Amino acid sequence: MTKTLTILGLESSCDDTAAAVVRQTEGARPEVLSSIVFGQTELHSAFGGVVPEIAARAHAEKLDICVRDALAEADLTLKDMDAVAVTAGPGLIGGVMSGVMCAKGIAAATGLPLVGVNHLAGHALTPRLTDGIAYPYLMLLVSGGHCQYLLVRGPEDFTRLGGTIDDAPGEAFDKTARLLGLPQPGGPAVQAEAEGGDPKRFRFPRPLLDRPDCNLSFSGLKTALMRMRDQIAAEKGGLTRQDRADLCAGFQAAVVDTLAEKTRRAIRLYMDENPAQPTVAVAGGVAANTAIRAALETVCAEAGAAFTAPPLRLCTDNAAMIAYAGMERFRAGARDGLDLTARPRWPLDTASPALIGSGRKGAKA
Amino acid sequence: MTSEPLVLGFDTSAAHCAAALLRGDEVLTTRLEEMTRGQAERLMPLLQEVLSEADASWEDLDALGVGIGPGNFTGIRIAVSAARGLALGLDIPAVGVNGFEARKADGSLPAVPAPRDQVYAALPGEAPRLMPRQEAEDAARGAGLAFAPEASPPGIAEAIARIASVRFATATEPPAPLYLRAADAAPSSDVAPTLLDD
């Protein structure tokens, strides 16, 4: 007998409060019945980054409203759900905790099973939600908070081939925008400026390309950009619009080159798995950058791998991915208790050595 | 009489998990567990225990009362988020009760301990705010009020449940944390460069 599952998902690990309803009949394509996202960009804009306490405060008063909206849009009630899935980490702990507690409240009240979901697994499984792609596939997760290559073999079977050892590219885009007086979020602003700029005028570093692994670093790039900006400003007393466009273009070119080369290496490792239909998927907000996307498509085409990127609304933080990842765990028999722990750090791949974070608290992601 | 409302009150605004179940005026169960961490894991199982000790289940509840602070920011959110999720799932009202109301006693100045020798207090005729402990103590003495701020007073959950049972029929707003202190956040230190006209 085929089983149809309808799952409610909650997400609150960064600066988006989200709830969604996803339904799937076993063997068929999953359907996103609703996906509500309340952003917080304006709450954080004065601070040049997400302020954890401000984010947590907003989540705590928005989550249940978001769930009501998601149910209403799906034209369903909690009685129609089979389980509640919630992001239980990694992320900003205040927000994660609010989401976990709200989900526990719903689960206790209704008797619905509770399933804790790793936020990164949500992103990593999205290509299955949107395109139904088969395991194993190569995933590049590239966002404001994360950057890693994952070999995805199953809903809870991930091998990290490499990742950033410091900042995520999204952070670097945001920082670049701030340094150049462009609006937040930095990704779209820097990309728009870069279109009118000369990517060859300023040569920015391509860190770690001299190493054979799939690890990346973006922290030095931010510093290099700031030095270059200060140098120009010292010479001329400011930046011309052309200087700014050229700086954006040079910065973006460095990110594109680094990601393209490391992706090439990750694909080589992935091909050792002999996948029947080699597929590379990308997720995270940085995947919206057209220059990065074009470079990745080229690299994949050269390597004979298909390239897929979920639509942007399912690429950036959302709860449909959490509902879907929860559904895969639920089908596999996973259930969490009402003592489910919210975790600030929770690497998907616990076998590979930590890239960021160490010591008593362990790997971050 | 079984028509008296069944109300569950709880609070995690400091180093504790507190819960009380009331049927009308009668306290059926009450618990106060002190803990410096782990409230997020402990709260829901504790509430279930409180219900089952009284042979009650979630569906029997008529309303919830929840402590909204002031106190530990994360702690307040744990209880408030749980209350909002429960209220949604049970389709019953959740009433937010602040820490001053929950500590109200004749002849004393309600105050909640805060870090660094401070307290949250509402001086007579003033809005509640964060102030040095000494200031609140002096004001209490001046007004002839007792002053003994406690983070985890034994009756806190019971008081919250009592207040909720009076208010739930007319409550319209969902419970929201009472922080009384802005989030620590500094504006971005990055200064945009001067733009020259080409």
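Biologist: Which residues lie nearest the centre of the second largest pocket, and how many residues line the pocket?

Modeller: The lining consists of 26 residues, and A:Ile93, A:Met97, B:Arg37, B:Gly38 and B:Thr74 lie nearest the centre. This is a predicted model, in which local features need pLDDT of at least 70, side-chain atom pairs count only at pLDDT 80 or more, and totals for chains, interfaces and linings use all residues. Residues are numbered from 1 along each chain as its sequence is written, chains are lettered from A and ligands numbered from 1 in the order in which they are written, and side-chain values use heavy atoms, with hydrogens and water left out.

Biologist: What makes a space a pocket, and what makes it a cavity?

Modeller: On a 1 Å grid over the protein atoms alone, a pocket is an open set of points with protein on both sides within 12 Å along at least five of seven lines, whereas a cavity is a set where a 1.4 Å probe fits but cannot get out; lining residues have an atom within 4 Å of a point. The second largest pocket holds about 650 Å³ of space, and the largest cavity about 130 Å³. A volume is the space filled by probe spheres set on the points, which are joined across faces, edges and corners.

Biologist: Which residues line the largest cavity?

Modeller: Among them are A:His146, A:Cys147, A:Arg160 and A:Lys364.

Biologist: Why is the contact of B:Arg84 with A:Asp64 called a salt bridge?

Modeller: A salt bridge requires a side-chain nitrogen of Lys or Arg within 4 Å of a carboxyl oxygen of Asp or Glu. The closest N and O atoms of B:Arg84 and A:Asp64 are 3.0 Å apart, so the pair meets the definition. The count between chain B and chain A is two salt bridges.

Biologist: How many residues does each chain bring to the contact?

Modeller: Chain A brings 45 residues and chain B 38, where contact means heavy atoms within 4.5 Å.

Biologist: What is the area buried between the chains?

Modeller: About 3500 Å² is buried between chain B and chain A, and carbon and sulfur atoms give 62% of that area. Buried area is the accessible area (1.4 Å probe) that two parts lose on being put together, summed over both.
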